[in-house]
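Here are some notes for a colleague opening this structure for the first time. Please keep the view at hand while reading.

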Amino acid sequence: MNLSTLIEQVKKHPEFHRVGMILCHNGVVRGTSRDGRPVSEVTVRADRNRLESVLAEIKAMPGIIEVLAHVNEGTLKVGQDVMYVVVAGDFRENVFDATVAAVNRIKAEVTTKKEK
């Protein structure tokens, strides 16, 4: 899975004619933790059922046509992709708000990470 694939899926949505913006997030493994410690790898797990629930709630936000996300699970090295989120909607204000909400909620409610 990659961002291009997700964007192509969004463009096939039957309501795509209502879309004025697509915004993408590509989270990668950073070489340092939030507190500055070196990181060589991260083990990521995702609750797929919770992911579907979060995406459904974000899709219900004003002006949002589609929200797709993919979390790469397993042990990932620095620089590897962790998570993709693609949000399509009518106006940038709605799409920005929905993207921030989606990324924050996925990180808080869906994924667990163990840094090494």
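This is a predicted model: local features need pLDDT of at least 70, side-chain atom pairs count only at pLDDT 80 or more; totals for chains, interfaces and linings use all residues.

The points below cover the salt bridges, a helix, a histidine and the nonpolar cores.

1. **Salt bridges at Glu 41.** The count of salt bridges comes to nine. One of them pairs Lys 77 with Glu 41, with the closest N and O atoms 2.6 Å apart. This pair links distant parts of the chain. Lys 77 sits in strand β4 (residues 74-77), Glu 41 in strand β2 (residues 41-46), and 36 residues separate them. Lys 116 also forms a salt bridge with Glu 41, and here the closest N and O atoms are 3.9 Å apart. Lys 116 lies in the segment after β6 (111-115) and Glu 41 in strand β2, so this pair ties together parts that are 75 residues apart in sequence.

2. **Exposure of these partners.** Is Glu 41 buried or exposed? Glu 41 has a relative accessible area of 14%, so it is buried, the cut-off being under 20%. Lys 77 is partly exposed, at 45%. Lys 116 has a relative accessibility of 61% and counts as exposed.

3. **Arg 48 and Glu 73.** These two side chains meet in a salt bridge of 2.8 Å, N to O. Arg 48 belongs to helix α2 (residues 48-59), and Glu 73 to the loop between β3 (64-71) and β4, so the pair ties together parts that are 25 residues apart in sequence. Arg 48 is partly exposed, with a relative accessible area of 37%. Glu 73 is partly exposed too, at 35%.

4. **Helix α1.** This helix spans residues 3-11, and Leu 3, Leu 6 and Val 10 are buried in it. Seen down the axis of α1, the buried residues fall within an arc of 65°, so they line one face of the helix. They pack against β1 (21-28), β3 and β5 (81-89). At the start of α1, a side-chain oxygen of Asn 2 comes to within 3.0 Å of the backbone nitrogen of Ser 4.

5. **His 70.** This residue is in strand β3. Its side chain makes a polar contact of 2.9 Å with that of Asn 72. Neighbours within four places in sequence aside, His 70 is in contact with Met 1, Leu 6, Val 82, Met 83 and Tyr 84. Leu 6 is among the buried residues of α1.

6. **The largest nonpolar core.** How many residues does the largest nonpolar core hold? It holds 25, and Met 83, Val 85, Val 87 and Ile 106 touch the most other members. The elements giving two or more residues to this core are β2, α2, β3, β5 and α3 (92-110). The largest share, six residues, comes from α3. In soluble globular proteins, nonpolar side chains tend to be buried together.

7. **Ile 106 and its contacts.** Leaving out neighbours within four places in sequence, Ile 106 is in contact with Leu 51, Val 54, Leu 55, Ala 69, Val 71, Met 83, Val 85 and Thr 111. Of these, Met 83 and Val 85 are named with Ile 106 among the core residues that touch the most other members.

8. **A second core.** A separate core has nine residues, including Val 10, Val 19, Tyr 84 and Val 86. Val 10 is also one of the buried residues of α1. Tyr 84 is one of the residues in contact with His 70.

Conventions. Residues are numbered from 1 along each chain as its sequence is written. Side-chain values use heavy atoms; hydrogens and water are left out. A salt bridge is a side-chain nitrogen of Lys or Arg within 4 Å of a carboxyl oxygen of Asp or Glu. Helices (H or I, at least four residues) and strands (E, at least two) are DSSP runs, numbered from the N terminus. Buried means under 20% relative accessible area, exposed over 50%, partly exposed in between (1.4 Å probe, protein chains only). The arc is that of the directions from the helix axis to the C-beta atoms. Contact means heavy atoms within 4.5 Å. A polar contact is a pair of N or O atoms within 3.5 Å; within protein, one must be able to donate a hydrogen and the other to accept it, and residues adjacent in sequence count only if both atoms are side-chain atoms. A nonpolar core is a set of buried Ala, Val, Leu, Ile, Met, Phe, Trp, Tyr and Cys residues joined through side-chain atoms within 4.5 Å.
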